Amino acid sequence: MSLQHWSPSSEPMSPLQKQKLRLARAETLLARRLSTNRLAHYAPYAKQREFHRLGKTFNERLFMAGNQLGKTIAGGAEWAMHLTGRYPTWWEGQTFDKSVILWATGVTGESTRDNPQRILIGNPLKEEEWGTGMIPKDALVDYDRAVGTPNLLDNYVVRHGGGGGDVQQGESIVYFKAYEKGREKWQGPTIDGVWFDEEPPLDIYTEGLTRTNNGQRRQFAMITFTPLLGMSDVVSLFLLEGK
């Protein structure tokens, strides 16, 4: 005699069960779309918005605030906009008409990976989660890994020029760099903008700024950090000169 095993899945679903299943699938799809297009849902608070707006008239900006107050989020969101060309309707800051070359930088390889890279790309430890940062997943093209620091990227190529199936107009590149490499490693290339996440030494700041002299907007730099060094040379450039 053979035994037949009963399974709930073998029973026809009721209309209510079908509706619940469709709703669950829709919620899963929506969550996935939201997680892979965070930029479209970025809603800055007043200070973040002011920081972005000032990029239109100032070529050097400083967002100095305490921990966990959205400094790096603001920097990452703005860099993602410039890299992709996807500016929201409320945007009043600087814009770029074509693809860009940008630097996203930090104190060490580890801090660069864990802060600007994570905010822009997604969890550094899980490649399947790349695309959950501020740069939309459908804009990520290709990358090169850095040498020396586990899971640190050297660069990422990003589609520029619309989204959601629009015709792409070019490819931007974001490079990840660390202050600890020294000024010599910062010399040479022309770039369109540099983002310093955490306060850089003065020689690193001036070298990074110099790299933008011949970029699309000439000098274009921003710093996001929590003040830990007091009235340093870099802080003095802004607070004492009124930048």
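Buried means under 20% relative accessible area, exposed over 50% and partly exposed in between, with a 1.4 Å probe and protein chains only. The views below come from a predicted model, where local features need pLDDT of at least 70, side-chain atom pairs count only at pLDDT 80 or more, and totals for chains, interfaces and linings use all residues. Residues are numbered from 1 along each chain as its sequence is written, and side-chain values use heavy atoms, leaving out hydrogens and water.

**View 1. Two loop residues with positive phi.** Most residues other than glycine have a negative phi. Glu198 is not a glycine, yet has a positive phi of about 85°. It sits in the loop between E6 and helix H5 (202-210), and at 26% relative accessible area Glu198 is partly exposed. Arg218, also not a glycine, has a positive phi of about 55°. Look for Arg218 in the loop between H5 and strand E7 (221-225); with 52% relative accessible area, Arg218 is exposed. Helices (H or I, at least four residues) and strands (E, at least two) are DSSP runs, numbered from the N terminus.

**View 2. Aromatic pairs.** Rings of Phe, Tyr and Trp (its six-membered ring) pair if their centres lie within 6.5 Å; planes under 30 degrees apart are stacked, over 60 edge-to-face, and the rest tilted. The structure holds 16 such pairs. Tyr87 and Trp91 make a tilted one, 6.0 Å centre to centre with 35° between the planes. Trp186 and Phe196 are stacked, at 5.9 Å and 5°. Trp186 lies in the loop between E5 and strand E6 (193-197) and Phe196 in strand E6, so this pair ties together parts 10 residues apart in sequence. Both Trp186 and Phe196 are buried.

**View 3. Charges over rings.** Here, NZ of Lys or CZ of Arg is within 6 Å of the ring centre and within 35 degrees of the ring normal. Arg61 lies over the face of Phe51, 4.6 Å from the ring centre. The charged end of Lys177 sits over the ring of Trp103, 4.8 Å from its centre.
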